[in-house]
Amino acid sequence: MTTLTVLDNNHHARIDLEPGTVFIGRAGDNDVKFKDKLISAHHAKIVTCFEASYIEDLSSTNGTFINGKRVKMHTLHPGDEITVGHRKMVVNG
């Protein structure tokens with residue numbers, strides 16, 4: 001199963017990417033919430049269907065980056081590093 005490791009200061013949270021949608025942003029209704037002014041209230045989402053996951057930027061102001069490259073949509077692979085604002089997440093296979 002693919003997982004997402006959220007690197008938030010010294011705390012590492014792990015999220016299983018099961019079929020469905022994981023929302024990322026600053027607002028309280030997101031699945032992954034960050035207190036970072038560079039992150040939009042509803043910044044991005046990760047959609048998983050069967051064994052494949054992709055991330056989609058939700059027209060955020062400061063963008064979503066995969067391995068340092070700004071993306072609108074990207075199919076995730078093990079080892080991909082997602083950056084939103086000052087926060088990083090890593091995809092694990």
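Student: Where does asparagine 62 lie?
Tutor: This is a predicted model, in which local features need pLDDT of at least 70, side-chain atom pairs count only at pLDDT 80 or more, and totals for chains, interfaces and linings use all residues. Residues are numbered from 1 along each chain as its sequence is written, and side-chain values use heavy atoms, with hydrogens and water left out. Secondary structure comes from DSSP runs (helices, H or I, at least four residues; strands, E, at least two), numbered from the N terminus. On that numbering, asparagine 62 is placed in the loop between strand 6 and strand 7.

Student: Which residues does asparagine 62 contact, leaving aside its neighbours within four places in sequence?
Tutor: Asparagine 62 is partly exposed, because its relative accessibility is 32% (under 20% is buried, over 50% exposed, partly exposed in between; 1.4 Å probe, protein chains only). Its C-alpha atom is separated by 9.9 Å from that of lysine 37, 25 residues apart along the chain. With contact taken as heavy atoms within 4.5 Å, the partners of asparagine 62 are Leu38 and Arg70.

Student: Is leucine 17 buried or exposed?
Tutor: Leucine 17 has its place in the loop between strand 2 (11-16) and strand 3. Beyond four places in sequence, leucine 17 touches Thr2, Thr3, Leu4, Val22, Ile46, Thr48 and Ser53. Since its relative accessible area is 4%, leucine 17 is buried.

Student: What distance separates the C-alpha atoms of leucine 17 and valine 91?
Tutor: Leucine 17 and valine 91 are 74 residues apart along the chain. The separation of their C-alpha atoms is 9.4 Å.

Student: In what order do the strands of the open sheet stand?
Tutor: The chain holds 0 helices and 11 strands. Two strands pair if DSSP finds at least two bridges between them. The open sheet has 5 strands with mixed pairing, in the order 4-3-5-6-9.

Student: Which strands stand at the edges, and why is one side of each left without a neighbour in the sheet?
Tutor: The order of the open sheet is 4-3-5-6-9. An edge strand has a single partner strand, so one side of it is without a neighbour in the sheet; these strands are strand 4 and strand 9 (73-75).

Student: Which residue in strand 4 is the bridge partner of isoleucine 24?
Tutor: Strand 3 and strand 4 (residues 32-33) pair in the parallel sense, over 2 bridges. Glycine 25 has lysine 33 in strand 4 as its bridge partner. For isoleucine 24, the partner is valine 32.

Student: Which residue in strand 5 is the bridge partner of phenylalanine 23?
Tutor: Strand 3 (residues 20-25) and strand 5 (residues 44-49) run antiparallel and are joined by 5 bridges. Within strand 5, phenylalanine 23 is partnered by lysine 45.

Student: Which residue in strand 9 stands opposite tyrosine 54?
Tutor: Strand 5 and strand 6 run antiparallel, joined by 6 bridges, and tyrosine 54 in strand 6 stands opposite valine 47. Strand 6 also pairs with strand 9 in the antiparallel sense, over 3 bridges. In strand 9, the residue opposite tyrosine 54 is threonine 75.

Student: How accessible is asparagine 67, as a relative accessible area?
Tutor: Asparagine 67 sits in the loop between strand 7 (64-66) and strand 8 (69-71). Although not a glycine, asparagine 67 has a positive phi of about 50 degrees. The residue is partly exposed, with a relative accessible area of 48%.

Student: What radius of gyration does the chain have?
Tutor: The radius is taken over C-alpha atoms, and the globule rule is 2.2 Å times the number of residues to the power 0.38. A compact globule of 93 residues would have a value near 12 Å, and the chain agrees with this, at 12 Å.

Student: What share of the residues in the chain is buried?
Tutor: The C-alpha atoms fill a box of roughly 30 × 30 × 25 Å along the principal axes. Of the 93 residues in the chain, the buried share is 42%.
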